[in-house]
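Reader: I have the model open and want to go through it with you. Can we start with the packing?

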Amino acid sequence: MQTQVIDAGGRLVLPGFQDAHVHAVEAGINESLSLLPQFGTAAQYRAALQQAVTEQPGSASDWVIGAGVNMAALLETIASPLALIDEEIPHRPAVILDDLGHGAWANSLALAAVGFDQLTDNPPGGIIDVDTSNRLTGIIFESASQNLVDASQPPTTANLDFAYQSFLHVLETFARHGITTISDAGGYWPRGHQQVWARAENENQLSVRANNALYVYPEKEFDQQVAEIIRLRTNDPNALVRFNQVKIYTDGILSQTTAAMLAPYEPAALPALAAPNGFTYFDPTTLNQYAAAFDAAGFQLHFHATGDRGTRLALDAIAHAQTANNSTGKRHRITHVFMVDAADVPRFAQLGVYADFQLTSTSLTDENLADVEFLIGPRAAAYLPARTLLDAGVDLTLSSDFDADELSPFIKIEGVVTRPTQNIPDVATAIRLMTLEPAKLLHHEDKTGSLEIGKLADLIIVDRDILTVPVHQISEAKVLLTLLGGQEVYRAPQFR
Ligand SMILES: [Zn+2]
């Protein structure tokens, strides 16, 4: 045992932040994609598509990949998005990812590459949008959009090398923000991102511990998918990275009317994209069967749920798995948790389920809350009920959903304690929900998550004492030094 003494100069020392829901490898890749307008005119979309082709030269089999478009706005602006993208990109498959992670815009060659041009009905977990004359619009929602991304990013040597190089920059970003543990929540395993993680660990480049998820596809055959995901599972307690969670979506998102609600959306928000009370990825029986199979195989269940019906489906599936396997203590969790019915609040603690919230600045703006009210009316008052659950004794974590949302832990802390309703009571609690609680969720609180003798030196030095400075200055705090297991992984230029 070797002891190193670092003089923090009287500054605040905290355990490293643990961010239990990020998109690490995807974030790196996304930085390289051609950016299209979120809200554009036909002329702006056309110009951006032409620009994307210029930025990504290639042969007829090479995909053009863009990102950033709001699909609801696109459908309102353009009579046929499919015709427009086919005119601009006729000879190569092209897919444009949306701004929410729940949709994509594809040209005819891309739709044909995944067989969506031949479908007569929606695939499980997906929506193939058609117009009033039943013609394809080129817009694909929910899980089916991931099939397009999978096809556009096969795990070729070149793609994985590119993903690796961009991932290294994302690791630097985590270290700069004082984040020493993450959960990579995407887990679209056909893209081979597990190999990117393994390479980073083999080449001693990892600056975080990571317990990552593998995505459960709604349309895949049950037994084959369970076997394949079990084959990909890794859970070596001595490794920095493990793939020991499954990511299961129960529903979509509120802003797309695909969050599964117990009661219908507001009349003004109807017709909803799928049904008056939203959309589900799996029928409840299949959801329960997957939960039981992966719980039995030792996985932690990481449910995406946003609507109150989506949350209930996840709780039901966890209850089913625990009964079927007579298992407890796995610390399964539900992430996002936009809406929880009052009857379901006590079930979190009863079942030992973690509620993992993203309470970032973007989800708490007046504009965002007005949008939620438009969609679900007075129910919006109970949007993101973090305080209700905290006061009910539910185990809570605060994560970022980076790169879909703000990464900075300090911006998050300021946001959650100053939230007008459903706020976290104080800064110390917010810190705990971003350090010790996620360490418990990820089953390594014996080694990390707090500053204690006997634990690993996953810690940071901060440039100010965020427990005592005025709250509105917390978001400006900077990390000066980040250590992972006692090894320096980031040092600010001004800290010498
Ligand atoms: Zn996410």
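Reader: Which residues have the most contacts inside the largest nonpolar core?
Author: Trp105, Phe174, Trp197 and Ile466 have the most contacts inside this core, which has 153 residues. A nonpolar core here is a set of buried Ala, Val, Leu, Ile, Met, Phe, Trp, Tyr and Cys residues joined through side-chain atoms within 4.5 Å. Buried means under 20% relative accessible area, exposed over 50%, and partly exposed in between, with a 1.4 Å probe and protein chains only.

Reader: Which helix gives the most to this core?
Author: Helix 7, residues 157-176, with nine residues. Helices (H or I, at least four residues) and strands (E, at least two) are DSSP runs, numbered from the N terminus.

Reader: And where does the core lie relative to the domains?
Author: Domain 1 (25-152) and domain 2 (157-441) both give residues to the core, so it lies between them. The domain bounds come from an automatic or database domain assignment.

Reader: Before I go on, what are the ground rules here?
Author: This is a predicted model, in which local features need pLDDT of at least 70 and side-chain atom pairs count only at pLDDT 80 or more, while totals for chains, interfaces and linings use all residues. Residues are numbered from 1 along each chain as its sequence is written, and side-chain values use heavy atoms, with hydrogens and water left out.

Reader: Back to tryptophan 197. What is it in contact with?
Author: Leaving aside neighbours within four places in sequence, its contacts (heavy atoms within 4.5 Å) include Ala24, Val25, Phe167, Leu206 and Phe243. Asp184 and Asn212 are also among them.

Reader: Switching to the metal. Which residues are the protein donors of the zinc ion?
Author: His21 (NE2), His23 (NE2) and Asp401 (OD), lying 2.1 Å from the zinc ion. Donors are N, O and S atoms within 2.8 Å of the metal (3.2 Å for Na, K and Ca); water is not among the atoms, so sites may look incomplete.

Reader: How are the donor residues spaced in sequence?
Author: The pattern is H-x1-H-x377-D.

Reader: Histidine 21: buried or exposed?
Author: Buried, because its relative accessibility is 0%. Histidine 23 also counts as buried, at 9%.

Reader: What about positive phi in a residue other than glycine?
Author: Asparagine 326 has phi near 50 degrees and sits in the loop between helix 11 (308-325) and strand 13 (333-336). Histidine 336 has phi near 85 degrees and is in strand 13.

Reader: Last topic. What is the strand order in the open sheet of four strands?
Author: The order is 1-16-17-18, with antiparallel pairing. Two strands pair if DSSP finds at least two bridges between them.

Reader: Which strands stand at the edges?
Author: Strand 1 (12-15) and strand 18 (487-491); each has a single partner strand, so one side of each is left without a neighbour in the sheet. Strand 1 pairs with strand 16 (residues 459-462) over four bridges, and leucine 14 has isoleucine 460 as its bridge partner in strand 16.
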